[in-house]
Amino acid sequence: MGVKGFVEGGIASVIAGCSTHPLDLIKVRMQLQGETQPSNLRPALAFHPGSVHAPPPKVGPVAVGVKLVQQEGVAALFSGVSATVLRQLLYSTTRMGLYDMLKKKWSDPNSAGGTMPLPRKIAAGLIAGGIGAAIGNPADVAMVRMQADGRLPPAQRRNYKSVVDAITRMAKDEGVTSLWRGSSLTVNRAMLVTASQLASYDQFKEMILEKGVMRDGLGTHVTASFAAGFVAAVTSNPVDVIKTRVMNMKVEPGAAPPYSGALDCALKTVRAEGPMALYKGFVPTISRQGPFTVVLFVTLEQVRKLLKDF
């Protein structure tokens, strides 16, 4: 397959990422609700309250979306979309292409249709996701910050103009290493998402076809991809919450960072807000992960048909 797998995966990923970007933005805002606010940490409420002493109550995804549009306008739903495009081009193109290469190499030629055993699917997903995340981390950090910026009072916003501006300013103001802030979390999450999403899609699709429930067509692709999206959401949400908070933290010069690392962030989050805080934003996560995975794989299957002769 070679380069072709990367091209197919890249096209499908960009389309899926852009079409579900508003849901991802709402997820990020919800994941930051209730975060503790020491003096050196930028306020992390979904929307800045009228008084710093009276944080707003936790709200659901619909309320977050409605209030976001009311306060920031419809265009705010696509804040950071340039970072999403770059992230999909770097991260998803890499993981989709590598997974496809490993699948071709590790498939069992003696099995029906040359399928790959589930353990190998998972291993391929872990490897592809980890490498893709390491490459795409700068765009991921920029995306999180651009999505979260609108929740702050105007004086405290970073106001990045684009993903290029965000990455350039981060490197200049905070050092090049800031572009890989939270990279361990990004890599861990990507390994979980890719292993659960791609492996489970292939597995569900094979099961549907083997049992003769449906033929290989749109119905099979939608069913298998939605099931894969649910598995990926359940698996990755806790890591995603911690990743979002670590990437979004603001470190003031001369002051200790709010979180010393992923484990510290996880412990502080659980202590302050309870274990279920790790599943904050789960509704928008599954609301986004489901459609994203459906669009991703349905588009991928169609792109493969279009490019099958190349």
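Start by selecting helix α2: His21, Pro22, Asp24, Leu25, Ile26, Lys27, Val28, Arg29, Met30 and Gln31 are buried there. Buried means under 20% relative accessible area, exposed over 50%, and partly exposed in between (1.4 Å probe, protein chains only). Helices here are DSSP runs (H or I, at least four residues), numbered from the N terminus.

A quick word on what you're looking at. This is a predicted model, with residues numbered from 1 along each chain as its sequence is written. Local features need pLDDT of at least 70 and side-chain atom pairs count only at pLDDT 80 or more, while totals for chains, interfaces and linings use all residues; side-chain values use heavy atoms, with hydrogens and water left out.

Next, pick Tyr99, Leu296 and Phe297. Of the 19 residues in the largest nonpolar core, these three touch the most other members. Such a core is a set of buried Ala, Val, Leu, Ile, Met, Phe, Trp, Tyr and Cys residues joined through side-chain atoms within 4.5 Å. Helices α1, α4, α5, α7, α8 and α10 each supply at least two residues of this core. There is also a second, separate core of 13 residues, and Val141, Ala142, Met143 and Leu179 are among them.

Stay with Tyr99 for a moment: what does Tyr99 touch, not counting residues up to four places away in sequence? Its partners are Met116, Lys121, Ala124, Gly125, Ala128, Leu198, Ala199 and Asp202 (contact means heavy atoms within 4.5 Å).

Now for the rings. The whole structure holds 2 aromatic pairs; rings of Phe, Tyr and Trp (its six-membered ring) pair if their centres lie within 6.5 Å, and planes under 30 degrees apart count as stacked, over 60 as edge-to-face and the rest as tilted. Select Tyr201 and Phe297: their centres are 3.8 Å apart and their planes at 5 degrees, so this pair is stacked. Tyr201 sits in α7 and Phe297 in α10, so the pair ties together parts 96 residues apart in sequence. Both are buried.

Then try Tyr279 and Phe282, an edge-to-face pair at 5.8 Å centre to centre, with 65 degrees between the planes. Tyr279 is partly exposed at 29% relative accessible area, and Phe282 is partly exposed at 22%.

Last stop: Asp140, in helix α5. Asp140 is buried, with a relative accessible area of 1%. Leaving aside neighbours within four places in sequence, Asp140 contacts Arg87, Thr186, Lys243 and Met247.
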